[in-house]
Amino acid sequence: MEVLSPAAAAAVEVPSYFVCPISLEIMRDPVTLSTGITYDRESIERWVFTGGHRECPVTKQQLGAGDREPTPNHTLRRLIQGWCAVHAVERFPTPRPPVDAARVAAIVDSARPLLQQLGAGGEQELMASLREVADIVAESDRNRRCVQGASGAVEFLVSVIKQHASADTTSKPLGSSQGQGEICCVQDSPKENSPEEAALSILHSLNLSEESLKRVLEGGSGDDFLYTLACVLRWPSYLSRTYGIHLLKSAISAMPVARLTSASAELIDGVVRVVADRLSVKAVRVALHVLCRLCPWGRNRVKAVEAGAVSALVGLLLDEGCGGCDGRGDRRACELAIVAIDHLCGCAEGRLDLVAHPAGLAVVGRAATRLSPAGTESAVRSLHALARHSATPAVLQEMLAVGVVARLLFLVQAGASGDRPRERAREMLKMHARVWKGSPCLASHLNASYPS
């Protein structure tokens, strides 16, 4: 008997109770919520867990925590399969039984002893276990949640990565005096298709929830997790570092403020390397988010400056054109970079690095008139910190020469970026009027509008 494809079967009248209310297609794996409404498993799990909805799509009844796991409707599935056979419609295979936490825990328990046998032929067996977990995770959102909830699964994956991360390290921060030709890596890259890379890929695929991250961070392996991510960020592997920075951003969002104030120098150095190396547009943005989250506190600022953050951020702003309106560059990355510079100018080391950079003052001055109001405020606040605390004669002359003073005058006149940037700009102009007012570096119309 010829079997019709789904497209050809569209002309066949399908019973309404075979159709998922969300996808409006024949259900492959019908499941029923506590509200009594049946949906296709993939559609309802995407609605509840990926979409974040907390109500039944049809009845609009609120779903409690225990009501979000649907029950398989085997009777309806058999009816659908029988109807497909009678009408020569492509039959859907019987779905595999859903994975439960006990199965995942069993895989993890059997693989854990293999960590101690990697040098004795245990690596292949460990890779087989990791591939099994990866297949489970890739199958569905439900399986991802199941792996996250399995006892010790996330901690086991962290311990696999740590096997490589615990290797001896010898690199220096970007801001140190190492030679230009010296390789900036902490250790050898993990081997291709190694257990470390497999475990890291699984952790990234899990899209760990805040609850899972808090469990890891607050448990005995919390410091190990952050140390491991710090090492991953300095692996030469592009993909590993991309996974690592995404995991770090998620981890930081789940960390209490008290713990954020004292990040390790190695962790901050790894984040700065991602920005300096321009891994990818998305990875750089994520790294900038992490820097902005870590650098409001003094100790972290100093560590970031020592890691070469100022040079990396100024270089990014130069490459991206300060997010201007000419269509060039990544405007969002520039906004985040100027916020990070603003934080770093809160310490003497950051201000010293910025004025020492050949393009530091010029690029921040340019950002003050090329970004959003929030970006302008951060740029002006950075310049204000320099004008108050680092105003040497050389710095003041450079601010004139590279156009910073002209841009401050523009902000005072235009006032388009809000009252606070305008007032700070006015304060700087009055503060250093003896040096700047009447200077031949300023056009006559600018001198004429200089605030008295």
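**Exercise 1. Work out which residue classes make up the lining of the largest cavity, and where in the chain they come from.**

*Solution.* Let's begin with the classes: the lining of the largest cavity has six nonpolar residues, with no polar and no charged ones. Keep in mind that this is a predicted model.

Step 1: Val108, Leu130, Val133, Ala153, Phe156 and Leu157 surround the largest cavity.

Step 2: look for the helices. Helix H4 (122-139) and helix H6 (153-165) each supply at least two residues of this lining. H6 gives the most, with three residues.

Step 3: The largest cavity has a volume of about 30 Å³, and the count of cavities of 30 Å³ or more comes to one.

**Exercise 2. Decide how helix H12 and helix H15 are arranged: roughly parallel or roughly antiparallel?**

*Solution.* Now turn to another pair of helices.

Step 1: find the crossing angle. The axes of H12 (residues 265-277) and H15 (residues 309-319) come within 9 Å and cross at roughly 25°.

Step 2: compare with the cut-off. Angles under 35 degrees count as roughly parallel, so H12 and H15 are roughly parallel to each other.

Step 3: The crossing of H12 and H15 is left-handed.

**Exercise 3. Find which residues of H12 meet which residues of H15, and sort the contact by class.**

*Solution.* Take each helix in turn.

Step 1: on the H12 side are Val272, Val275 and Ala276, and they meet Ala309, Ala312 and Leu316 in H15.

Step 2: by class, this contact has six nonpolar residues, no polar and no charged ones.

Definitions and conventions: Residues are numbered from 1 along each chain as its sequence is written. This is a predicted model: local features need pLDDT of at least 70, side-chain atom pairs count only at pLDDT 80 or more; totals for chains, interfaces and linings use all residues. Side-chain values use heavy atoms; hydrogens and water are left out. Axes are lines fitted to C-alpha atoms, for helices over the stretch in contact, and angles run from 0 to 180 degrees between N-to-C directions. Helices (H or I, at least four residues) and strands (E, at least two) are DSSP runs, numbered from the N terminus. Angles under 35 degrees count as roughly parallel, over 145 as roughly antiparallel, 65 to 115 as roughly perpendicular and the rest as oblique. A crossing is left-handed if the near helix is turned anticlockwise from the far one by less than a right angle, and right-handed if clockwise. Contact means heavy atoms within 4.5 Å. Ala, Val, Leu, Ile, Met, Phe, Trp, Tyr, Cys and Pro count as nonpolar, Asp, Glu, Lys and Arg as charged, and the others, Gly among them, as polar. On a 1 Å grid over the protein atoms alone, a cavity is a set of points where a 1.4 Å probe fits but cannot get out, and a pocket is an open set with protein on both sides within 12 Å along at least five of seven lines; lining residues have an atom within 4 Å of a point. Grid points are joined across faces, edges and corners, and a volume is the space filled by probe spheres set on the points.
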